[in-house]
Amino acid sequence: MDAVCAAVVAGEDLSTPLADLGASRAEAGVGLSGTLQDLAALHAVSGENSDGLVSADPDAVPSSMLRTTALGWADAVSGMAVGREVEDPLTGLNTVGYLRTRLHEVYREAHSRGAAPDDDYALITVMLGVSTAGYPRLVAMVLIADALRTVFDAGETTALVRSATAAVLAPRTPELRSRCVQARWMIEHRLAADPALRDCGQIRLQEEALPGDHAEVCRMLASL
């Protein structure tokens with residue numbers, strides 16, 4: 001609230017302070033209605049004709065201010081919801097929902113620079129060629145997950161896309177290709193060491209081209 005007040009007094013742009021206000025209210029457990037009521041009170045007090053006796057009416061607040069504050073609140077609530085359920089309980093990999101959120105951040109950052117997400121990031125998929133479901137597939141995916149976390153241990157996003165498909169969102173570094181080779185070797189070695197997993201078939205590790213926008217990449221994830 002202090003940042004918003006300071007921006008109002010200085011005549012500065014309110015977009016960031018209002019978004020931060022909405023987010024901080026959400027993180028404090030304040031509902032959207034209460035958050036907008038706080039905003040209405042601030043708007044009433046800061047009005048040119050204010051005499052100290054004000055009525056906090058959200059309907060009197062400019063829609064742009066309401067929208068910015070509400071979006072900040074919603075983003076924070078969404079982030080907290082994701083934080084409560086971001087890992088698959090069996091493999092420990094991030095959920096596909098978390099991967100979509102992470103990709104959204106990557107796309108926003110790339111578009112702000114006028115760049116293509118595929119220029120800076122690679123999406124590596126690992127598909128298990130299982131012939132049957134059940135225990136072998138579950139164990140194989142646990143082993144695959146452990147191998148991916150071991151190799152991609154520098155802040156990359158590892159996620160479970162489907163029951164037999166994992167993915168890694170990794171920056172394009174000079175070491176990326178060799179790390180993919182290492183991951184493939186480690187996965188194949190671990191699967192071959194367990195006779196119970198011989199029906200799992202070959203794994204397919206490949207790079208998927210990131211499409212132009214976030215909606216397209218979400219559709220691609222759904223089709224894997």
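Begin with the second largest pocket, which holds about 200 Å³ of space. A pocket here is an open set of points on a 1 Å grid over the protein atoms alone, with protein on both sides within 12 Å along at least five of seven lines, and its lining residues have an atom within 4 Å of a point. Grid points are joined across faces, edges and corners, and the volume is the space filled by probe spheres set on them. To display the lining, select Ile124, Arg172, Thr173, Leu176, Arg177, Cys180, Val181, Arg184, Leu205, Gln206 and Glu207. The elements that give two or more residues to this lining are α8 (176-192) and β4 (203-208). Helices (H or I, at least four residues) and strands (E, at least two) are DSSP runs, numbered from the N terminus. The largest share of the lining, five residues, comes from α8.

Colour the lining of the second largest pocket by residue type: five residues are nonpolar, two polar and four charged. In this scheme Ala, Val, Leu, Ile, Met, Phe, Trp, Tyr, Cys and Pro count as nonpolar, Asp, Glu, Lys and Arg as charged, and the others, Gly among them, as polar.

The model on screen is predicted; local features need pLDDT of at least 70, side-chain atom pairs count only at pLDDT 80 or more, and totals for chains, interfaces and linings use all residues. Residues are numbered from 1 along each chain as its sequence is written, and side-chain values use heavy atoms, with hydrogens and water left out.

Zoom out to the whole protein, which has nine helices and four strands. Along the sequence they follow the pattern α-α-α-α-α-α-β-α-β-β-α-β-α. Of its 224 residues, 37% count as buried, that is, under 20% relative accessible area with a 1.4 Å probe and protein chains only, whereas exposed is over 50% and partly exposed lies in between.

Next select helix α7 (residues 135-151), whose 17 residues reach 25 Å from first C-alpha to last, close to the 24 Å expected at 1.5 Å a residue. The expected span is 1.5 Å times one less than the number of residues. Among the buried residues of α7 are Val139, Ile144 and Leu148. The helix's buried residues pack against β1 (121-128), β2 (157-162), β3 (165-171) and α8.

Now show the largest nonpolar core, of 29 residues, in which Val126, Leu128, Ile144, Leu148, Phe152, Ile187 and Leu191 touch the most other members. Such a core is a set of buried Ala, Val, Leu, Ile, Met, Phe, Trp, Tyr and Cys residues joined through side-chain atoms within 4.5 Å. The elements giving two or more residues to this core are β1, α7, β3, α8 and β4, and α7 gives the most, with eight residues. Apart from this core lies another, of 16 residues, among them Leu99, Leu123, Met127 and Leu210. Return to Ile144: leaving out residues up to four places away in sequence, Ile144 touches Val126, Leu128, Ala166 and Ile187, a contact being heavy atoms within 4.5 Å.

After α2 comes Gly29, with a positive phi near 90°.

Finish at His43, in helix α3 (residues 32-45). His43 counts as partly exposed because its relative accessibility is 25%. Beyond its neighbours within four places in sequence, His43 is in contact with Ala60, Val61, Pro62 and Met65. The C-alpha atoms of His43 and Met65 are separated by 9.4 Å.

Technical notes:
On a 1 Å grid over the protein atoms alone, a cavity is a set of points where a 1.4 Å probe fits but cannot get out, and a pocket is an open set with protein on both sides within 12 Å along at least five of seven lines; lining residues have an atom within 4 Å of a point.
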